[in-house]
Amino acid sequence: MHGSLALVGMGLAVLGSSIGIGILVAAALQGIARQPEAMNKIQPLMFVMASIIEAIALFVIILCMLNLNK
Amino acid sequence: MSAAFNLDEYINHHIRDSHQWQLPFLPTIQLPPYLSLHGVMLLIGTLVLIIIFCFLYDKKQPVPHGFTNLLEFFVVYMRDEIAIKNLGEEEGRRMTPFLCTLFFFILVLNLLGLIPLFTAATANLNVTGALAFLTLCFMIFGTLWKNGFKGFLKAITPSGIPWLILPVPFLMEFFGIFTKAFALMIRLFANMLAGHIMIFSLLGIVVTLGLIGLPALVLGVCIAAFEVFVAFLQAYIFVMLSAVFIGRMYHPDH
């Protein structure tokens with residue numbers, strides 16, 4: 001087989017982070033659906049939290065990129 | 001194509017720091033050893049900021065119009081929602097210039113990276129490290145200056161823990177200061193780097209596959225448009241988290 005094991009790590013990193021952001025966006029959408037006037041408060045908070053969750057996946061991707069050459 | 005196209009080298013050449021600047025129709029500019037390409041980007045960013053805020057920002061208008069109004073929106077948002085909410089009334093007003101400078105500097109550097117002939121200086125770990133180091137200095141030395149050494153220890157100590165096991169959470173909070181600054185650095189760096197690698201990978205697909213790969217060009221343009229949004233978002237998040245961390249050290253609620 002060809003390739004490095006670090007690529008598998010890269011794929012695994014995205015798994016948990018995507019599920020977490022999916023749950024976050026679902027909760028935010030539910031909140032907006034209950035009370036549409038609250039969209040201006042909920043939406044910026046959603047983006048901020050999504051970026052914090054995304055940062056964890058990006059740490060792991062950067063660490064994997066350092067070990068790419070076997 | 002005269003030489004074989006190496007995708008790896010194409011991406012690395014556009015992402016990494018180098019001492020050569022290739023402009024079209026001009027010979028390659030060879031930069032001196034003390035100034036690299038990202039250094040030139042930093043200088044251009046500073047120049048853009050000075051031009052925008054010293055010359056284009058009209059202070060004499062009683063009611064702001066036009067470009068001044070656009071900048072007012074960001075500056076007032078920084079002061080009211082980010083600085084004063086996290087740092088208190090008077091400390092917030094004193095820290096607003098630092099937070100505004102951080103925001104506009106990071107924003108300009110991120111947006112310069114999306115222009116075809118320039119590269120993103122924030123895709124360099126040293127640049128984001130220096131910016132996170134500023135926040136770290138405010139967190140440590142600012143607290144030492146304001147509250148003294150005892151105040152610094154009080155800010156680190158979590159509350160409501162029996163004294164027997166206190167060293168463990170204390171150490172965790174102490175290293176947490178450095179971890180938060182490290183996370184700020186890595187977040188900005190990784191977001192910018194990932195965006196640029198995606199764009200250059202898609203452009204490399206077009207070159208490798210020829211005419212079949214043209215839809216990849218459309219996708220590349222769409223991702224570049226998304227990167228504008230990511231540039232704004234990452235600058236905002238860096239500054240907001242800086243303000244939150246500094247505020248938690250200056251006025252610990254525990």
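What share of the contacts in chain A with a separation of 6 or more is accounted for by residues 24 or more positions apart? The figure is 74%, and the points below, which concern a predicted model, begin with the chain to which that figure belongs.

1. Chain A is built from two helices and has zero strands.

2. By class, the residues in the contact of H1(A) with H2(A) are 20 nonpolar, four polar and one charged.

3. Between the chains, eight residues of chain A are in contact with nine residues of chain B. On the side of chain A that touches chain B, seven of the residues are nonpolar and one is polar, with no charged residue among them.

4. One helix pair that joins the two chains is H2(A) with H6(B), whose axes lie 9 Å apart and pack at an angle of about 75 degrees. Because angles of 65 to 115 degrees count as roughly perpendicular, H2(A) and H6(B) are placed in that class. The residues that meet here are Ala55(A), Leu58(A), Phe59(A), Ile61(A) and Ile62(A) from H2(A), and Ala183(B), Ile186(B), Arg187(B), Ala190(B), Asn191(B) and Ala194(B) from H6(B). Sorted by class, this contact has nine nonpolar residues, one polar and one charged.

5. The largest nonpolar core has 55 residues, and those with the most contacts inside it are Leu99(B), Phe103(B), Ile106(B) and Val239(B). At least two residues of this core are supplied by each of H2 of chain A and, in chain B, helices H2 (37–55), H3 (66–87), H4 (89–112), H5 (125–156), H6 (167–209) and H7 (214–250). H7(B) gives the most, with 13 residues. For Phe103(B), the residues touched, leaving aside those up to four places away in sequence, are Met78(B), Ala235(B), Tyr236(B) and Val239(B).

6. Leu193(B) is found in helix H6 of chain B, and it counts as buried because it has 21 C-beta neighbours inside 10 Å, where 20 or more are required. Apart from residues up to four places away in sequence, Leu193(B) touches Ile15(B) and Ala123(B). Leu193(B) and Asn124(B) are 69 residues apart in sequence, while their C-alpha atoms are 8.0 Å apart in space.

7. A backbone detail that a colleague may wish to inspect concerns Phe25(B), which has a positive phi of about 65 degrees although it is not a glycine. Most residues other than glycine have a negative phi. Phe25(B) is found in the loop between strand S1 (20–21) and strand S2 (29–30) of chain B. Is this residue, Phe25(B), buried or exposed? Phe25(B) counts as exposed, because it has 4 C-beta neighbours inside 10 Å, and a residue with 12 or fewer falls in that class.

Notes
Residues numbered from 1 in each chain as written. Chains lettered and ligands numbered in written order. Predicted model: local features only at pLDDT ≥ 70, side-chain atom pairs only at ≥ 80, totals over all residues. Helix = DSSP H or I, 4+ residues; strand = E, 2+ residues; numbered from the N terminus. Contact = placed C-beta atoms within 7 Å. Nonpolar A, V, L, I, M, F, W, Y, C, P; charged D, E, K, R; others polar. Core = buried A, V, L, I, M, F, W, Y, C linked by C-beta atoms within 7 Å. Axes fitted to C-alpha atoms, helices over the stretch in contact; angles between N-to-C directions. Parallel < 35°, antiparallel > 145°, perpendicular 65-115°, else oblique.
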